[in-house]
Amino acid sequence: VKDSMRGLAVFISDIRNCKSKEAEEKRINKELANIRSKFKGDKALDGYQKKKYVCKLLFIFLLGNDIDFGHMEAVNLLNSNKYTEKQIGYLFISVLISENNELMRLVQQNLKNDLASRNPVHVNLALECIANIGSKEMAEMFAPEIPKLLVMGDAGDTVKQSAALCLLKLFRTAPEMVPIGDWTSRVIHLLNDQHMGVVTAAVSLIEALVKRNPDDFKGCVSLSISRLARIVTSSYTDLQDYTYYFVPAPWLSVKLLRLLQNYPPPEDTTVRNRLAECLETILNKAVEPPKSKKVQHSNAKNAVLFEAISLIIHMDSDPSLLVRACSQLGQFLSNRETNLRYLALESMCLLATSEFSHDAVKRHQETVVTALKSERDVSVRQRAVDLLYAMCDRSNAEEIVGEMLTYLETADYSIRGELVLKIAILAEKYASDYTWYVDTILNLIRLAGDFVSEEVWYRVIQIVINREDVQAYAAKTVFEALEAPACHENMVKVGGYILGEFGNLIAGDARSSPSTQFQLLHGKFHLCSPPTRALLLSAYIKLVNLFPEIREDIIAVLESDANLRNSNVEIQQRASEYLSLARNSTQDVLATVLEEMPPFPERESSILAQLRKKKPAVEDAIRARGEKQQQRPASGAADGAAASAAPTAATPTSGGGGGVKLQGDIAGAESNTDSDLLGLDFGGSAPAAAAGGGGAGGGSVDLLSSILDVGVSSSSSSSAAPSAASGASAQRKTVVVGAGASGSIVGEENWHKFVCKNSGVLYENDILQVGVKCDYQQSSGRIVVYYGNKTPAPLAQFASVINLPDSSLTNQLGIQVKPVGDRVGASEQVNEVITVDCMAEFSACPLLNIRFVYSGVAQSITLKLPLTINKFMQSSEMDSATFFQHWKQLSQPEQECQKIFQAKFPMDAETTKTKILGFGFSLLSNIDSNPANFVGAGIVQTKSGNIGSLFRLEPNQQAQMYRLTVHSIKPGVSKRLCELLETQI
Amino acid sequence: MMHYMLLFSRQGKLRLQKWYTSHSEKAKKKIIRDVMTMVLARKPKMCAFIEWKDLKIVYKRYASLYFCCGIEQQDNELLCLEIIHRYVELLDKYFGSVCELDIIFNFERAYFMLDEFMLAGEVQETSKKNVLKAIAAQDLLQEECDEPKSLLEELGVISTGLE
């Protein structure tokens, strides 16, 4: 190592010798002061000194301190003719200068010079810097140049490599800036390059391009396969330095195998066979004795193997390969390397979703169960749970659920919640005997009550309500469960609900007589939280109907001060209403109001939704397999989630008068959980609404309010649901859905402010601030939405959806969203990047729906996205003759739009000018004979063509009015521009 | 695609951070803190892969240093372990049996080396020979134009590496 800086080494030693954090801080501050004074001092610093100080700053920064000076000196270093100084300058800039620093222009000039250098080392340095920063501006400036370096014959290999990855970076930043078309085929042919390093770099670029444009790059499939074939059949000596621990070119092999996962299996038989041979060779090598004992050898070899298996699973077409892959993974399950066991469990999960290999996976059940019991690393156990879940079907469900329940008792807290969901789903999905299902869920509550979410216990109630054959059993079992000295509150909830509905079915047994049932429930009452107490009150009133003989006992409870005067209004209200219902109603009225619940509408299990939220990919794959199986007549058996078994009591019970509260307890809370967000097909509205309607006579006044609540919240959430799934492929949480706005729109006033400007606050309430910053280039735009959490608590289940209220918008705008995480921490701000392509003129406005849970309450906010047609307009200058010529050309009645309106703001000429310019029009002087009038022009740019537009605005100061005339090639555009501008002046 | 690579010591001191996706300084600090805490708490023999947020964390310990990468769901974990290993080999060859101190005192070299090996979060050149050749070409340029030679040699802070 040749060059070193003494001052830097001394400084680093000093820092290392500091005994305390304070001492270190002191030393750093001293150094910062020193450097600052050197930089500011009169004495000119030479390059070496500058380099040394810049390097020190870098070191200080890397220790975790903020650096706010030295940028200029670093940029100066770029001009140095000494390579080492230049290099440090670039390093500092790559690490420390933000994209929008004003020095960037200078940096880019330097980059340009170095790119043009004859010395490849300089060119590489520049390429690496561009790749490290990769800003949009850089994309604009360099993306058109770099392809030349990549495909030009005389550029050196190292330059080609850096150029490929540099271009990849710019493509990720701003795909529209990278011109692909002209050099597509030459880029594809880089796969044939003699230099393995060039191919290795180029494949990454090609994969990114393929994802964007698979058809144009189809040619890469056969080339990749031939390249792969050459690698896998080569002996490890052939590839010299590209062989890694006796494995030929593992990096390149993996990249090629990845690339192929973007396409379906090749159609051409020769090509397909060739690929199959490659994959077989890789599988064969897996069973050969290792060429080295080093872990590097086995890692590299298995990396290729796992990638090959991924491709086999992706193609899902060759049963023999799938089964071989499965047996290979099976061997890894008992390997002594934890990493391999982990990966084998993970890959097998996917194999379990293929109908060809599902049965082969099932053969390993015992090993997986052992893993669940004996693995020491929780993340491996987690994978075992996932795999058991994936391999579960009707034949092994009872066994697997049993194992999972056993594991639940000792499972890590971190995975209990998910485990509970999985058990609940499997039990429901594969129950042939519903007493088993009820037992399983009650066991869940017993073993891990805290982790049983609302969805789970709602579900067991829905199923019991819908299945007559299990009601008596459920009542008996839950009664027994409540007899335990201590039982979880969730058990009390389920118990209250079920005994309230079906207590009569077990009342014949002296051990569970009416009054025993009531006493048993009431014994838990005082230990429960208010919501549970409220639920129990509803259960009591239902018992009054079932068992008139205990009416007085219940009246005593309802009229006790503890309830009738409870500080919780919900309890108080229920107590007083139920009291008058119990006291004053005839048995007939009671029987009508408190009738048994009608069956719940059929729909997808909400717990499944809950799980899908956690593991979207696997869950979907598993579901897909389920559907496939159902389509095949052979597997016949109606798979059906339990509840989808035919509703037992099909008769709609007496106009649905029976929905007393209990139903509200379930449904009301349910719509709060937001489980519909992922676009589940929640057919009808929540059950209570269905049951509600009648409201029945008697004293059930409060029902109305609860039904209303439920009705409103559930309808707003279900309207967001349809078709969300279609957009969900790439983006997980943030999806763009077609049609169907949800909720009412807020913050319109602020939206108007964005017509003429591009950043500011779009919406703000006590919890959330939504800021927006946009920039537009021709027909594309980038909207960054900033969500700021104003509270000291996190916002959970955070998600945003873009709704297109008008279906035509789907063709007019191409919207892509880079989603935010599902949580906004306390006082944290996150941003979401929305990129928009204007395909054609549009006038409707996309909506942004934001949902989250704040301190347990689901919130939903719908805003108009500040995206209007004028954003894609570029002002256009022209002389008077041209203006009038265009004006005349565009004067068909539908091309002209004129409005006369009252001024909305003070009629100040300067302000108006600013607004017009902000709106996107130019201001042309010396055209209108009246200097008080404004005229100008603009071109709306869309992917389907440019739309020239002209305007004239005539103020009338006396009347405080304007006359606005817009001419445009497209009729809709003149109208929309007119409307928009009208609101601004 | 790799999102970041972090090097830190067992004592939790960060030695190198390389980001392939852009984050605010605040966000970076949080990621560093969280990842470090998580990885340092791992016991030996545990799986070297951790699912964390939307990424997979792959880590490996060499003596007192942890090398830790954040990669995407579809990336290959085992190969990422070998990315780490190859990088360590490169450093080792360059510094001559590398230790934590080499990386502390020559952090800029560690960065230069990484840029030759990986770019834009993807592996650029896997041949050890070629990477070291590129670095040697850079060093050669330095020699040609460095003047205060005598001063530097006299100090002799470090002098191993390539011939």
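Buried here means under 20% relative accessible area, and A:S224, at 0%, is therefore buried. Keep in mind that this is a predicted model.

**A:S224 and its surroundings**
- A:S224 sits in helix α13 of chain A, which runs over residues 220-233.
- Leaving aside neighbours within four places in sequence, A:S224 touches A:L191, A:L256, A:L259 and A:L260.

**Helix α20 of chain A**
- In α20 (residues 365-374) of chain A, the buried residues are A:Q365, A:V368, A:V369, A:A371 and A:L372.
- These residues span an arc of only 155° around the axis, so they end up on the same side of α20(A).
- As a reminder, an α-helix has 3.6 residues a turn, so residues three or four places apart point the same way.
- On the face turned away from the buried side of α20(A) you'll find the exposed residues A:E366 and A:K373.
- The cover over the buried residues of α20(A) includes α18 (338-352), α19 (358-362), α21 (378-391) and α22 (397-410) of chain A.

**A salt bridge between chains**
- A:R172 pairs with B:E122 in a salt bridge, with 2.8 Å between the closest N and O atoms.
- This pair crosses between chains: A:R172 belongs to helix α10 (residues 157-173) of chain A, and B:E122 to strand β7 (residues 122-123) of chain B.
- A:R172 is partly exposed at 32% relative accessibility, while B:E122 is buried at 14%.

**Salt bridges within chain A**
- A:E764 and A:K790 join their side chains in a salt bridge, at 3.0 Å from N to O.
- A:E764 is in strand β5 (residues 759-764) of chain A and A:K790 is in the loop between β7 (780-789) and β8 (795-803), so this bridge ties together parts 26 residues apart in sequence.
- Both ends count as partly exposed, A:E764 with a relative accessible area of 39% and A:K790 with 40%.
- A:K904 and A:E982 also form a salt bridge, at 3.7 Å from N to O.
- Here the loop between β14 (896-902) and α43 (909-919) of chain A supplies A:K904 and helix α44 (residues 971-982) supplies A:E982, so the linked parts are 78 residues apart in sequence.
- A:K904 is partly exposed at 43%, whereas A:E982 is buried at 17%.

**A salt-bridge network**
- A:E346, A:R383, A:D386, A:E418, A:K422 and B:E51 are joined up in a network of salt bridges.

Technical notes: Residues are numbered from 1 along each chain as its sequence is written. Chains are lettered from A and ligands numbered from 1 in the order in which they are written. This is a predicted model: local features need pLDDT of at least 70, side-chain atom pairs count only at pLDDT 80 or more; totals for chains, interfaces and linings use all residues. Side-chain values use heavy atoms; hydrogens and water are left out. Buried means under 20% relative accessible area, exposed over 50%, partly exposed in between (1.4 Å probe, protein chains only). Helices (H or I, at least four residues) and strands (E, at least two) are DSSP runs, numbered from the N terminus. The arc is that of the directions from the helix axis to the C-beta atoms. Contact means heavy atoms within 4.5 Å. A salt bridge is a side-chain nitrogen of Lys or Arg within 4 Å of a carboxyl oxygen of Asp or Glu.
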